[in-house]
Amino acid sequence: MARQVLLFIFVYSLGSVKGQVSYSIPEEMAKGSVVGNIARDLGLDIHRLKSGKARIFTSDSGDYIELHRERGVLLVKDRIDRESLCRQTTPCALHLQIILENPMELFRITVEIIDINDNSPSFKNDEKRFEISESAVTGSKFVLERAVDLDIGINGVKNYSLKPADNFVLKVESHADGNKKVEMILHKPLDREKEEEMSLLLKAVDGGDPQLSGTVKIYVSVLDANDNAPVFTQSVYKAAIAENSQRGATVIRVSATDADKGTNGEISYAVSTTMDSMSDIFTINEKGEVVLVGEVDFERAKYYQIDIEAKDRGGLSDSSKIIVDVIDINDNKPIISILSKSDAIPEDSAHNTVIVMFSVLDPDSVNNGIVNCRINEDIPFRIITSLNDFYSLVTDGDLDREKASEYNITVTCSDEGVPSLSSSVTLTLQISDVNDNAPVFERSSYEAYIVENNTPGLSIFTVKARDADWNQNARVSYILEDSSVNGVPVSSYVSVSADSGVIHAVRSFDYEQIKDFQFCVKAQDGGSPPLSSNVTVKIVIQDQNDNPPQVLYPVQTGGSVVAEMVPRSADVGYLVTKVVAVDVDSGQNAWLSFKLQKSTDRALFEVGLQNGEIRTIRQVTDKDAVKQRLTVIVEDNGQPSRSATVIVNVAVADSFPEVLSEFTDFTHDKEYNDNLTFYLVLALAVVSFLFITCLVVIISVKIYRWRQSRILYHSNLPVIPYYPPRYSDTMGTGTLPQVYNYEVCRTTDSRNSDCKFGRAGSQNVLIMDPSYTGTMQRIHSEKNILDEPDSPLEQKPPNNDWRFTQGQRPGPSGATGGPEVAMGTGPWPQPPTEAEQLQALMAAANEVSEATATLGPGTMGLSTRYSPQFTLQHVPDYRQNVYIPGSTATLTSNPQQQQATAQQATQQALPPPQASAQPEPPKAAQTPASKKKSTKKEKK
């Protein structure tokens, strides 16, 4: 049979449902037979079928049709028997759905099964027996069994034939429903005496090609006369019964009458036995009541047709038909079938994105089969209808994984029956993360405190940012933004841990240099593209008491003595002077307090605790000593506190000569150096150690030279005088018999370094000349060895221009030496006298007169307490009397002595001759300064 293909394309407003295709195929096709080219009929590409994972979904049909994706055709998968699939229902069709993904599409396919003549007419029983009275009148009817052909239409039962037809003829009556009523009519009276038993053959044929048939044997037994047959009151009875009715329920009651009397008038009822197996569902009792003995299901059959028969004892019978309508009740829940589902969608999905496609089927009818679907409230989804019984779940709002990372969507479908039945299914949908949230700091700005003098690498505090995203998108890294603090990159101050956000100090902070600074820290997530946010961090450095107070006044000098004068007529509260001090710290660390630690007479002076003013606390008397030494301690308020000590010398006198006579023996730190003995012993030990070390070195050098000379003496080589490189002999004029010169190399393996100094040890002296403004090295200003790479390596003789004449040497004006006094051979220069020292003290006091002018009356130095005749012009010029402490070398500018010194230096290249005794020049008169030095030496 040729295959018929009908193509119907329906275009719907919803993009996910494309159309419908119908095919017609005969039943009993071989497996693998082609139903139709679905790709061509739907206008789809083969590649689209593959990429979309096309598949067939059937809700109520068996698995008879399969899809071949590579060819794009529908194939027969299993044997299709129309009779077992649809029975007598026409048309018989398979309803399929083809589903595509990415994007989701749905196509509806209808395959109609065409009947073929594969079933012959058949009777339920192989034989039928009748007992007919011989008195049966002509025209008596005898109902025969109706043949049943499972095929439909032209392939169903077409004709009946009865053979032989001597006494009976066959009457076939067609009904509106297509069924046929078969009766055997007596057209010739029976004669039991002639023929007691008859055998007939009833044949049923269909209209198929080839034609098929079925037969049943009829046996007739002739009885005595019963000339009246039962008659039903109605030819067709109608009844109704609700489905799922209880067994034993009475459907309808029928009745038939028989004009005969006696046993011939007794009527029995029976349900005609056919292939429909109505007798399994309904039965009829002797009273004519049709009773339900099976199950009635509206979804299987909407009505039933029951053929009943009334028969008397004489074998006469009549037939009737009962049509029983089945009333549907709401006994089936909607059936939800998931066609396609997405387990996860990104949170930035567009509106109307299809999440799930499903179908709902309710086998009930009318309102009982009308289904409404809904989902739980307060979720951004909705249900739309694509086709009848097909639905799609789509997004209906913005998704935010940070608010809801998972949705449990409950789809509930209810029918409109009474009572309503419903079914539900719960779908779990994961919302995948998208990097749509930047890190957020816990604060809008941070401020942290750190105490100065911290350890580098100290953890200051931690910044914390959180990202509402998930996984890699929520992984926060911290970055220090490039900036500068006072022109210095902020990275040299602090560093930020990329993982933890801990801010470390890179350096030790000093509050006095920087009090606070701020910078920006960026928090960046690990998304693509990454998102970030910044926060400002302010670091406040807290002060620490790490600076002692600094005394500004009175100025402490190393060698001069500055005294404040207090007249003996001073009253109580007389302001002697004011100690001025500052502390570079801040806050309470800079709060200064003044205390009098030591005093020559504690009952005479006091110090203001807050202002540092030194005042008298009683009337000055003649018994008070002229020399008053006050030790004032200045202490800050830090924890722990730091302090500084200043010594204030006070002269209690009314005239300068009285002060001068008392201060001649005033020695600096004479009475207050408690640790002097310890320092002297330590210095002696160090000098002794250095002396022993030098002695060992000198002996080692002598031995080494002696061995070298012995080697040269016994060899045949000419004797060449050997001198160590860059070594010069200064004729023993220093404190040691020889002066050594050293080579300093800054690199590790080169003798040709960038720092080599080869000069006489006695050349590093102070040159005091009125034309000079300060101290300099004569040899460095005239010639630098580094600037003369071609100069010989031998040590040059000492320069003669750094010798002073006897008149230029320090000492009394009459102490002069002859020109024969050479460098380093004269005595120590004489220190100035007491008067000269006091005049120098007054000159130094002039330098601080401006600082003391603001202290009020009684606070000026010595320079303002006497007549103007004491000025700097009376101070002797010491620039021509300069000596070097700790050395016997005396500086002179006498040309004769310079020439003599040059001659002596020239002889240093030869072996040193025997040193001749030199006359000792006359000693200069001692000064108070020399007395002090001699006194200290005696103590040592």
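How many bridges pair strand S27 (residues 354–361) with S30, and in which sense? The two strands pair over 5 bridges in the antiparallel sense. Two strands count as paired if DSSP finds at least two bridges between them, and the numbered elements are DSSP runs counted from the N terminus, with helices (H or I) of at least four residues and strands (E) of at least two. Please keep in mind that this is a predicted model, in which local features need pLDDT of at least 70 and side-chain atom pairs count only at pLDDT 80 or more, while totals for chains, interfaces and linings use all residues. Residues are numbered from 1 along each chain as its sequence is written, and side-chain values use heavy atoms, with hydrogens and water left out.

- Strand S29 (residues 381–387) runs antiparallel to S30 and is joined to it by 6 bridges; here phenylalanine 381 has threonine 395 as its bridge partner.
- The hairpin of S29 and S30 has 2 residues between the strands, and aspartate 389 takes a positive phi near 70° there.

**A sheet of 3 strands**

- An open antiparallel sheet has its 3 strands in the order S35-S41-S40.
- Strand S35 (459–462) and strand S40 (494–496) are at the edges with a single partner strand each, so one side of each has no neighbour in the sheet.
- S40 pairs with strand S41 (residues 502–505) over 3 bridges in the antiparallel sense, and valine 494 has alanine 505 in S41 as its bridge partner.

**Cis peptide bonds**

- Serine 528 and proline 529 are joined by a cis peptide bond with omega of about -5°; proline 529 lies in the loop between strand S42 (516–525) and strand S43 (532–542).
- Tyrosine 553 and proline 554 are joined by a cis peptide bond with omega of about 0°; proline 554 lies in the loop between strand S44 (550–553) and strand S45 (563–566).

**Positive phi in loops**

- Lysine 53, not a glycine, has a positive phi of about 50°. This residue sits in the loop between helix H2 (46–51) and strand S4 (55–57) and is partly exposed at 48% relative accessibility.
- Asparagine 244 has a positive phi near 60°. Its loop runs between strand S17 (236–242) and strand S18 (250–253), and asparagine 244 is partly exposed at 41%.

Conventions: Buried means under 20% relative accessible area, exposed over 50%, partly exposed in between (1.4 Å probe, protein chains only).
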